[in-house]
Amino acid sequence: MSPVTPKTDKAKPTGKDYGYANARIRGMKSRLLDRAYFDGLIAAPDIQRLIQDLAETEYGPDLEDALIHGRDAAAVDEALKNNMVRTFRKVQGFLNSEAAYLVATLLGRWDVFNIKTILRGKHMHLTAAEIGEGMLPAGRLSIVDLEALALQDDLRAIVDTAVTWGLPYASALREGYAEFLKTGELADMELALDRYFTQWAAARLLKRGANAALARRILSIQVDISNLVMAFRLLNADASKEAVDSFYLEGGVDVTIDLFRELSAMSDIDEILDRMRGTPYGKTLDDVAMKYLEENSIAVFERALEDYLMRRALGLGRGDPLGAGVAIAYLWAKQNEITNLRIVVKGKAVGMPVERVRGELILV
């Protein structure tokens, strides 16, 4: 078996004419759910009422397909993921050649996310079905490819399969697996994947023009965020300079190697927050400092930084109305909507207090 290349119902438009695609995207954007709708979903008395309400939106067809397996939170979650993947494929299908190239490059992050999900699941001895629940095939790799990888017996088999298929990530997986055999740390494989993606994406975006520059900025923010999160994780690790440098990803703008070294050498979160004030990420981190104290989890900062990235991506759509920013902004907004809906569904299923659910959402 070899990887499946996603197909579209017609050839992509060529050139750099953004009028047709952006007009369609604006129509799709008008159907995104607003804050008032989310308030109604959160207030729904039970999961059945939530399903009923969602069925009346554009999620209806996906729900209809998924609910044959049961009218529960798992089925709704599956429908939401299917809708996101279908929507992403649809948009990519009518973009012009330049926009399709830039979007496909940025969406490569989902291939890395899915491969990491498979590696972690296999390392934890989860079943292929359990691993599948965490995947979102919005990148190049299709659900068929990902399910086949998840069915492999162990990490070595996943690496061998990737090599046999000739996947772009095969060399990174092989390199990371060699380190994993020495250290037993799955993080070595994940880091190799991250490094491959950032280098691959940066090389693809070395093009002239405002649209490529816009995509490079989004990529640089992603890299900065990865480096910031790693700096948080390295607190009190007492790592050598060489070890610290090995965790750094090239391609960011505001988190330089010198700043990364400085942050990684700090002894507590407060020092990092103080040092980051005055940078583009300072306010975002400060705004969730209290929540971090309550939950004592770095995930609080990760979520806040993803929020920052999403808002920056959305801002691109308010720039050139005839540029790639419109498509990028819409795809990030759609992803955020799906994330919010999954949070509401999970909260309803486990009886999470309404205010806690609302606090987990990113509504713009």
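By a salt bridge I will mean a side-chain nitrogen of Lys or Arg within 4 Å of a carboxyl oxygen of Asp or Glu, and on that count the structure, which is a predicted model, holds 25 salt bridges.

Let me begin with Glu-58, which is partly exposed at a relative accessible area of 29%. Glu-58 forms a salt bridge with Arg-31, where the closest N and O atoms are 3.7 Å apart. Because Glu-58 sits in the loop between helix H3 (47-54) and helix H4 (60-66), while Arg-31 sits in the loop between helix H1 (19-29) and helix H2 (35-43), this pair ties together parts that are 27 residues apart in sequence. Arg-31 also counts as partly exposed, with 45% relative accessibility.

What is the N to O distance where the side chains of Glu-58 and Lys-334 meet in a salt bridge? For that pair the distance is 2.7 Å, and since Lys-334 belongs to helix H20 (residues 325-350) whereas Glu-58 lies in the loop between H3 and H4, the parts tied together here are 276 residues apart in sequence. Lys-334, for its part, is buried, its relative accessible area being 0%. Taking these residues together, Arg-31, Glu-58 and Lys-334 are linked with Glu-337 in a network of salt bridges.

Note on methods. Residues are numbered from 1 along each chain as its sequence is written. This is a predicted model: local features need pLDDT of at least 70, side-chain atom pairs count only at pLDDT 80 or more; totals for chains, interfaces and linings use all residues. Side-chain values use heavy atoms; hydrogens and water are left out. Helices (H or I, at least four residues) and strands (E, at least two) are DSSP runs, numbered from the N terminus. Buried means under 20% relative accessible area, exposed over 50%, partly exposed in between (1.4 Å probe, protein chains only).
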